[in-house]
Amino acid sequence: MIEDARRVVIFTGAGISTESGIPDFRGPNGTWTKVKPIMFQDFVASPAARREAWRRRFEGDATMRAAQPNRGHRAVALLVRQGKASSVITQNIDGLHQASGIPEEQVIELHGNSTYAHCLECGTRYEIGALRATFEALGDVPDCTACGGLVKTATISFGQSMPEEAMRRAAAETRAADLFIVLGSSLVVYPAAGFPEQAKRNGARLAIVNNDPTPLDDLADLVVNAPIGEAMGGAVGIN
């Protein structure tokens, strides 16, 4: 299917990054089944909620920094490098697609990115390492030095609006695809999970690679229940 395609779009979920040691947040046994997520409106309204959000982020910092792109990421990067895949639409927030060598402009992050932070008002970027040092020294992350707005990881929290530009780009890429490959997504989180359906309606072939069944399996032209690295590494011929 990859060989026959002219324009492949890759859609990735947590399953591709769990093979790099990144915990699955939303899955059946994910982090959020054990720890209640902090809603966006609570982050904005409550200093205590903001401190707890930052505490959790820094608690997981060692895991995030240790994670490296795995065979699945490298297979996707190869398809992009060869010009076979035009873009990667991802639900992940770990930056591992960029770390695998995919140019920033070809990664569309639907749920943001946790490897840096930004001001919710003016968008000024802040690096996690510097914020962590301040948090450890003062017990808090200060407001934006440029405008006084709240500083938050550049992720999309529960209750927060989806990023308009990323959604627009993802929709355009989906319409242009003739092969849409889903890697490691349970396809239950909307509106992101609507893109594979849209691709199929527009005439693209749909392939789903995931350890477990998904609600869209009956719609797909191909379903592979296997680890992402094994399936994609084999498909493109890399170890």
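Helices (H or I, at least four residues) and strands (E, at least two) are DSSP runs, numbered from the N terminus. This is a predicted model, where local features need pLDDT of at least 70, side-chain atom pairs count only at pLDDT 80 or more, and totals for chains, interfaces and linings use all residues. Residues are numbered from 1 along each chain as its sequence is written, and side-chain values use heavy atoms, leaving out hydrogens and water.

Figure 1. Along the principal axes, the C-alpha atoms fill a box of roughly 55 × 30 × 30 Å.

**Figure 2. Here is an open sheet of three strands, in the order 5-4-6.** The pairing is antiparallel; two strands pair if DSSP finds at least two bridges between them. At the edges sit strand 5 (125-127) and strand 6 (151-155), each pairing on one side only. Look for strand 4 (residues 112-119), which five bridges join to strand 6. In this pair, G112 stands opposite T155 of strand 6.

Figure 3. On a 1 Å grid over the protein atoms alone, a pocket is an open set of points with protein on both sides within 12 Å along at least five of seven lines, and lining residues have an atom within 4 Å of a point. Grid points are joined across faces, edges and corners, and a volume is the space filled by probe spheres set on the points. Of the 18 lining residues, G112, Y116, H118, A154 and P163 lie nearest the pocket's centre. Strand 4 gives the most to this lining, with five residues.

**Figure 4. A search of the whole structure turns up one cavity of 30 Å³ or more.** A cavity is a set of points where a 1.4 Å probe fits but cannot get out. The largest cavity comes to about 50 Å³, and its lining is R50, W54, D140, V141, P142, D143, L150 and V151.
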